[in-house]
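Please look over the following notes with the model open.

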Amino acid sequence: MENVMSKLRNLDAYPKINEDFYSRTLSGGVITLASSIVMLLLFLSELRLYLHAVTESKLVVDTSRGETLRINFDVTFAALPCSILSLDAMDISGEQHLDVKHDIIKKRLDSHGNVIESRPDVIGAPKIDKPLQRHGGRLEHNETYCGSCYGAEAADEDCCNSCEDVREAYRKKGWAISNPDLIDQCKREGFLQRIKDEEGEGCNMYGFLEVNKVAGNFHFAPGKSFQQSNVHVHDLLAFQKDSFNISHTINRLSFGDYFPGVLNPLDGVHWTQDNPSGMYQYFIKVVPTVYTDVSGHTIQSNQFSVTEHYRGTEMGNLQFLPGVFFFYDLSPIKVTFTEEHISFLHFLTNVCAIVGGVFTVSGILDSFIYHGQKAIKKKMEIGKFS
């Protein structure tokens, strides 16, 4: 047994030194105190990393198909009234959403930005007393109202009972209404008068769009849109205005749901128009993103980068409409963010590395200072130090 104990004693990699041979120095005490503080700070830093989740990112090819893209927006136009502002969306697959009204709220704003009225952007019209019937006579009490579409009827039995119905029928035909006062429904509803009453007002439009997950665009522009010779145009003649101020503030614009750490570069962006009329374009690259938190909950969302361009327009030029256009394209690369905790073994390994590393470096520094002081003292004793 003694033989075994003796062999184990010979394996001791940490031979002990008798305390009688210790030499404690002032520099050693300072280094010990400093190294202890450094070890404590590094330990607390490592402990904080261990207690909090870290986010790992990874790039993968986006193989998803048949999904939709949700676009959340909140845009304020300081000088475009709500009555003339419309929203259109279209994509490269050919799908179009013209004059979108569902899931959208419009707020009328005065010249100081205060809310005058807030209402859903829905199709509707006030009740008209004795409006003009399609056959030319006035509506009587025993008749059912069926207003004329003024040549834009798709079928003989079609009726246009409001100014909005007539404008929609004209849009489907690719026609423009040059003078709304010649339309009985628009005249009785006070279409032009409403536009004049809202002169000088602004409009805040917010809501969301659900579109195909393919490249496309959506835009805010005055007038009702329609197709003319395969060109997307807006009916601006009805407003009897020569220019439109598209100064705007993007309060919020995102593609998909919020997730921690997301940064939307267009939030809070403001642009003021100096020219009489123009077309402001944002070119957006959408990057699909998947965020998984530490509990395993997954959020399917998107990030995006953007560049912008402005060009002046001429009234009557069908290629360049006054408005704010957002052209978006999707990246084939998906970014995944995964929250996870550092394992306890990893934490323990780092703590041991901190303690051992600081202890070793402080020991080397102490030895260097001790032997340096000893050599200088020896030279001073023999009178060779100058």
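In which sense do strand 3 and strand 8 pair, and over how many bridges?

1. The model is predicted. Strand 3 (residues 85-91) and strand 8 pair in the antiparallel sense, over seven bridges. Met90 stands opposite Asn217 of strand 8.

2. Strand 8 also pairs with strand 15 (residues 323-330). This pairing is antiparallel and runs over five bridges. Here Asn217 stands opposite Phe327.

3. Seven of the seven residues of strand 8 (residues 216-222) are buried, so the strand is largely enclosed by the rest of the structure. Both of its faces are covered. Gly216, Phe218, Phe220 and Pro222 are buried on one side. Asn217, His219 and Ala221 are buried on the other.

4. Two disulfides are counted. One joins Cys82 to Cys203, with an S to S distance of 2.1 Å. Its S-S torsion is about 100°, so this disulfide is right-handed. Cys82 lies in the loop between strand 2 and strand 3, and Cys203 lies in strand 7, so the pair ties together parts that are 121 residues apart in sequence. Both Cys82 and Cys203 are buried.

5. Cys149 and Cys160 form a disulfide, with sulfur atoms 1.9 Å apart. The link is right-handed, with 100° about the S-S bond. Both cysteines lie in the loop between strand 6 and helix 3, so the pair ties together parts that are eleven residues apart in sequence. Cys149 is buried at 2% relative accessible area. Cys160 is buried at 2% relative accessibility.

6. Is Cys352 buried or exposed? Cys352 counts as exposed, because its relative accessibility is 51% and the cut-off for exposed is over 50%.

7. Helix 3 (residues 163-173) has buried residues including Cys163, Val166 and Tyr170. Just after helix 3, Gly174 takes a positive phi of about 80°.

Notes: Residues are numbered from 1 along each chain as its sequence is written. This is a predicted model: local features need pLDDT of at least 70, side-chain atom pairs count only at pLDDT 80 or more; totals for chains, interfaces and linings use all residues. Side-chain values use heavy atoms; hydrogens and water are left out. Buried means under 20% relative accessible area, exposed over 50%, partly exposed in between (1.4 Å probe, protein chains only). Helices (H or I, at least four residues) and strands (E, at least two) are DSSP runs, numbered from the N terminus. Two strands pair if DSSP finds at least two bridges between them. A disulfide is a pair of cysteine sulfur atoms within 2.5 Å.
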